[in-house]
Every structure is written in C-alpha cells, then in structure tokens.
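Open the model in a viewer and keep the sequence panel beside it. The tour moves from one selection to the next, with a short note on what is found at each stop.

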Amino acid sequence: MIKKLSLLLFSIAFISSCISSNKQSDYQLDNDTSSLTFISVKKTDTAEIGKFKQLEGTIDKSGNVTLKVDLSSVDTNIAIRNSRMQEFLFEIAKFATANITTKVDMEKVNKLAIGKTMLETVTIKLDLHGEQKDITANVLATRLAEDKLMIVNQTALFLKAADFKLLDGIEKLRNLVGLPRISKVVPINFVFTFKM
C-alpha cells in the first residue's frame, strides 16, 4: 500500500513538473497557420498580392521574438515573376533570408485569458538585403489556447525599397517587363501563430 501511494505521489509530482516545464518552454511559429503578405503596385493602379511560404520563428519565455523568412519562398502566383524577384530583387544567392526580431511583454501575455486580445506597440528590427531598420508597429496579441498565441499587425506596415537598397532590383524588374512604374513603397501584413 505504501509503495502504491509513493508511486502515485511520484507520478503526480512528475506530471506537475512536466506541465510547469511546458509553460516555460518557447513558443514555436506554426508555418501552416501563419502568413506574411505584401502588396506591389505597378503601372498606376494595378495591385497584386504576394506572400512568403516558408517562415520560422520563436518566442522565448522573456518575450524575445525571432523570425526568419526564406526569401526563395516568395509566391506571387506567377513562376517567372517569383524567380525574377529571387534573382534580381532579393538576390537570394547573397541574401537568402530576411530576419525579424522584436520583443513582447510576456508578463501581460501570460495573463491573457483564452480568447482575449491585447494591443502593444513594439519596435521591429528588420534585417533585409544586408540592411537593418527599426520599424514601430502596433500589434494585437491573442491567446487562442493555453499553449497557442496569435500576433497580427493592427495596421499595415510600409517598407521603403530605398531603406534596404532594393531600388536597383525594382528598376531591373521594371525594365524586364516593360512597365512604366513599380511602386517603391510596399505595404506588409502578417499573421503569426505560435504554439508551445
């Protein structure tokens, strides 16, 4: 009887330890339910939506967010345009990824009830095409489940091609397809889902 009681207490302690440990573990980005999209405008008013299909990322217990975007996964629904963007705009042979870092207040996040959302202003550091720039963004963090978070931008972020030395690439793309104009400012939107 004593042995059974000891075994039961040990099992309870072990399970509690695992649950506690799980709460301390990092959140991992769920690529299947996350998205990073952009809108390019050509000519005068022709807008087209593109996205990146391969994203990786984590949020650690201190709230440090790190994301990696595989630039070769750019998808505009036109294969030749994808390959031209990879080669001439992003220059993936030299700059294979874009890297994003920021920080969220995990003390506030951990207090969120399931289904509740909070608004937070964060500074996002974007490392793209060999250049780094800080971008201020309002993000909404929602607790979807005990072990699941969703972070989205409240309003679109606008990236200037000049900030990341992408003007030459845009000009190359413009000449290749004979367009009079391609916008040099691009709106970005994201939905990032993280699971423990």
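In which loop does K43 lie? Select K43: the residue is in the loop between β2 and β3. Bear in mind throughout that this is a predicted model.

**Stop 1**

Colour strand β2, residues 35-42, and strand β3, residues 46-52; the two run antiparallel and are joined by six bridges. K43 is not a glycine, yet its phi is positive. Most residues other than glycine have a negative phi. K43 counts as partly exposed because its relative accessibility is 43%, which lies between the limits of 20% for buried and 50% for exposed.

**Stop 2: across to P180**

How far apart are P180 and K43 in sequence and in space? They are 137 residues apart in sequence, while their C-alpha atoms are 5.8 Å apart. P180 belongs to the loop between α4 (167-177) and β12 (185-195). Leaving aside neighbours within four places in sequence, the contacts of P180 are K43 and R174. With a relative accessibility of 63%, P180 counts as exposed.

For the chain as a whole, take contacts between residues at least 6 apart in sequence: 63% of them join residues at least 24 apart.

**Stop 3: K165**

Next, select K165, in the loop between β11 (157-160) and α4. K165 has a positive phi of about 50° and is not a glycine. Is K165 buried or exposed? K165 is exposed, because its relative accessible area is 57%.

**Stop 4**

In soluble globular proteins, nonpolar side chains tend to be buried together.

Show what F52 touches, not counting residues up to four places away in sequence: L36, F38, V69, D70, L71, S73, V74 and F90. One of these, V74, also stands opposite F52 in β6. Strand β6, residues 74-75, pairs with β3 over two bridges in the antiparallel sense.

**Stop 5: N82 in helix α2**

Select helix α2, residues 79-89, and pick out N82 within it. Which residues are in contact with N82, leaving aside its neighbours within four places in sequence? They are V74, D75, T76 and N77. N82 counts as buried because its relative accessibility is 12%, under the 20% limit. Draw a distance from N82 to G50: the two are 32 residues apart along the chain, and their C-alpha atoms are separated by 9.4 Å.

**Stop 6**

Select strand β4, residues 55-59. Its covered face holds L55, G57 and I59, and its uncovered face holds E56 and T58. In a regular strand the side chains alternate between the two faces of the sheet.

Strand β1, residues 27-29, is joined to β4 by two bridges and runs antiparallel to it. Q28 stands opposite T58 in β4. Strand β5, residues 64-70, pairs with β4 in the antiparallel sense over five bridges. The bridge partner of E56 in β5 is K68. The hairpin of β4 and β5 has four residues between the strands, and G63 takes a positive phi near 95° there.

**Stop 6: the largest pocket**

Finally, display the pocket surface. The largest pocket holds about 940 Å³ of space. Of its 50 lining residues, the closest to the centre are F38, M85, F90, V186 and I188. Which strand gives the most to the lining of this pocket? β12 does, with six residues. Colour the lining by residue type to see 39 nonpolar, five polar and six charged residues.

**Zooming out**

The secondary structure comes to four helices and 12 strands. Of the 196 residues in the chain, 34% are buried.

Key
Residues are numbered from 1 along each chain as its sequence is written. This is a predicted model: local features need pLDDT of at least 70, side-chain atom pairs count only at pLDDT 80 or more; totals for chains, interfaces and linings use all residues. Side-chain values use heavy atoms; hydrogens and water are left out. Buried means under 20% relative accessible area, exposed over 50%, partly exposed in between (1.4 Å probe, protein chains only). Contact means heavy atoms within 4.5 Å. Two strands pair if DSSP finds at least two bridges between them. On a 1 Å grid over the protein atoms alone, a cavity is a set of points where a 1.4 Å probe fits but cannot get out, and a pocket is an open set with protein on both sides within 12 Å along at least five of seven lines; lining residues have an atom within 4 Å of a point. Grid points are joined across faces, edges and corners, and a volume is the space filled by probe spheres set on the points. Ala, Val, Leu, Ile, Met, Phe, Trp, Tyr, Cys and Pro count as nonpolar, Asp, Glu, Lys and Arg as charged, and the others, Gly among them, as polar.
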